[in-house]
Amino acid sequence: MSVANKKKILNDPVYGFITIPSDLLFDLVEHPYFQRLRRIKQLGLSEYVYPGALHTRFHHALGAMHLMGQATHTLRGKGHYLSDDECEAAQIAILLHDIGHGPFSHVLECCLLDNVHHEKISLWLMHELNRQFDGRLSLAISMFEGTYERPFFHQLISSQLDMDRMDYLNRDGYYTGVAEGAIGAERIIKMLDLVDDQLVVEAKGILSVENFLNARRLMYWQVYLHKTSICCESMLVQILRRARFLIRQGEPVFAPYTFMLFLRESVSLDAFLANPIYLDAFTQLDDYDVWGCIKEWALHNDPVLSALCRMLLDRRLFKIILSTEPFANELVNELTAQLRQQGLPDEELSYFLVEGQATNAAYLPSGDRINIKLKSGKVIDIADASDLSNVRVLTNIVRRYYVCWSKGLQLANWASK
């Protein structure tokens, strides 16, 4: 019997041909936990703004794995010893870093589970995969957690200049058509080096890092926190909130068992880790489960649920106002009065009038710093190494307050309620 070739070459639209370099990485890619990422879009509902933004977490994870391979190759080429096991483990860790994402990526992170961050679930799934693969992921897990003795591996996986960010900026810019996302990842990776097992960037890479930080700031405002995306995401959150309310009131609401489990219950991290039923259900959930329910709920006899679902399906979105300051009560009161005039009962106003805030900080020197190695050998922070004043500006957290609401509701169903 012939042995299957597991060293595959894939054609990626962003990087060209990329390689799955080991049998273990191939088997992880083939695992159902990872294949599920094919059915979870990278940018949630951004396709409502940028029609080309249809790429998935599967694409992104493979791209990040590819960049990790380039990074370890660069460091080896500069005379640093990295074992084959370490290089493979680093690629495993970055390949699986998003495996804990639920449907619509970040959008439902706040409400599908009880404020459980996807990284917590990713780590738990890594441990489960480690059990299934007889402990062969132990080194990758220690790198992911930051407990491995060589800290630069964790910096390559999760920091302010990691392979995750380098891939998603390039990839999201490519699929949205937003040119500002292009960051020159290959040049930054070529400039990577190590000092005392800490990741640094050679001084001649300063301009590339500046471009990286500025691109990240622009992509947040133009893509990730685009006002229309905020509207779509707010509507989706309210749809799930209404479905959950009806289910807990005993109303019949269609949902597959795996989805119903999380709509019916408030699942904390402790509960998720303690009961394998939640893990099994979560690893079967994807965007298609939610969209299937939204199409069904659009026909529901509850006017709130059906109206929200129809509006999202037909792209009749909430209106939105953004501000650098919190909104005055007068504005919110005026919008509330408008909704009341359209016949909306007070107890249902909150589904159609949503307030919130979005924040953006391209670089936080209080966290894992981006260190620059000068020609003298001295290591300093990028904010001190750059001669551009805007790098220091990028360290400021910028807040945008928003209020979004439904305008021109179709309220025929309320009359007969």
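UniProt, in an unreviewed entry, lists residues 53–178 as "domain: HD/PDEase". Positions from UniProt follow the numbering used here, feature names are shortened, and annotations may be inferred rather than shown by experiment. The model is predicted: local features need pLDDT of at least 70, side-chain atom pairs count only at pLDDT 80 or more, and totals for chains, interfaces and linings use all residues. Residues are numbered from 1 along each chain as its sequence is written, and side-chain values use heavy atoms, with hydrogens and water left out.

The span 53–178 is 60% helix and 0% strand. Its end C-alpha atoms lie 10 Å apart. Helices (H or I, at least four residues) and strands (E, at least two) are DSSP runs, numbered from the N terminus.

**Nonpolar core**

A nonpolar core is a set of buried Ala, Val, Leu, Ile, Met, Phe, Trp, Tyr and Cys residues joined through side-chain atoms within 4.5 Å. Buried means under 20% relative accessible area, exposed over 50%, and partly exposed in between (1.4 Å probe, protein chains only). The largest such core has 145 residues. W297 and F352 have the most contacts inside it. Helix α11 gives the most to this core, with 11 residues.

W297 belongs to helix α15 (residues 287–297) and is one of its buried residues. Contact means heavy atoms within 4.5 Å. Leaving out residues up to four places away in sequence, W297 touches I239, L240, A243, V253, F254, F259, L263, L305, S306 and C309.

**Aromatic pairs**

Rings of Phe, Tyr and Trp (its six-membered ring) pair if their centres lie within 6.5 Å; planes under 30 degrees apart count as stacked, over 60 as edge-to-face and the rest as tilted. The count comes to 11 aromatic pairs. Two of them are tabulated here.

| Pair | Centre to centre | Angle between planes | Class |
|---|---|---|---|
| F34 and F58 | 5.2 Å | 50° | tilted |
| F262 and F282 | 6.2 Å | 80° | edge-to-face |

F34 lies in helix α2 (residues 32–35) and F58 in helix α3 (residues 57–77), so the pair ties together parts 24 residues apart in sequence. F34 is buried, at 0% relative accessibility. F58 is buried at 7%.

F262 lies in helix α12 and F282 in helix α14 (residues 276–282), so this pair ties together parts 20 residues apart in sequence. Both F262 and F282 are buried. F262, F272, Y278 and F282 form one aromatic cluster.

**Charges over rings**

A charge sits over a ring if NZ of Lys or CZ of Arg is within 6 Å of the ring centre and within 35 degrees of the ring normal. The charged end of R241 sits over the ring of Y351, 4.2 Å from its centre. R400 lies over the face of W221, at 4.8 Å from the ring centre.

**Positive phi**

D196 is not a glycine, yet has a positive phi of about 55°. D196 is in the loop between β3 (192–195) and β4 (198–202). With 71% relative accessibility, D196 is exposed. R315, also a residue other than glycine, has a positive phi near 55°. The loop between α16 and β5 (319–323) holds R315. R315 is partly exposed, with a relative accessible area of 43%.
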